[in-house]
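The following report describes the overall form of a protein chain and then turns to one of its residues. Please consult the sequence and the model alongside the text.

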Amino acid sequence: RLSPDITEINLDIEAVAGDFTGKNGYLWVIYSVTRLDETGDTSSGSRDILTYWKLKNIDGGWTVTKIKEAA
């Protein structure tokens, strides 16, 4: 749910490394997010956040089961 002053969110996501073979896997993902207010000005955001995504092969499809982000 967006706060009343946020009208748009821009997200950029990039998988930079990973391994998913067999039943388990992982991805290293970098993302950036920008939140814009009703006038189009940046309200808040984060840039180049490195995260680790744990994956599991469930019924032939890869599912993210856990995401870890540096504090």
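## Chain architecture and one residue

Among contacts in the protein chain between residues at least 6 apart in sequence, 36% join residues at least 24 apart, a contact being heavy atoms within 4.5 Å. This is a predicted model, in which local features need pLDDT of at least 70, side-chain atom pairs count only at pLDDT 80 or more, and totals for chains, interfaces and linings use all residues. Residues are numbered from 1 along each chain as its sequence is written, and side-chain values use heavy atoms, with hydrogens and water left out.

The protein chain has zero helices and four strands, where helices (H or I, at least four residues) and strands (E, at least two) are DSSP runs numbered from the N terminus. The radius of gyration is 16 Å, well over the 11 Å that the globule rule gives for 71 residues, so the chain is more spread out than a compact globule. That radius is taken over C-alpha atoms, and the rule is 2.2 Å times the number of residues to the power 0.38.

Of the 71 residues, 17% count as buried (under 20% relative accessible area; exposed is over 50%, partly exposed in between; 1.4 Å probe, protein chains only).

E14 is found in strand β1 (residues 6-21) and is partly exposed, with a relative accessible area of 47%. Not counting residues up to four places away in sequence, E14 touches W28, V29 and I30. E14 and G25, 11 residues apart in sequence, lie 17 Å apart in space, C-alpha to C-alpha.
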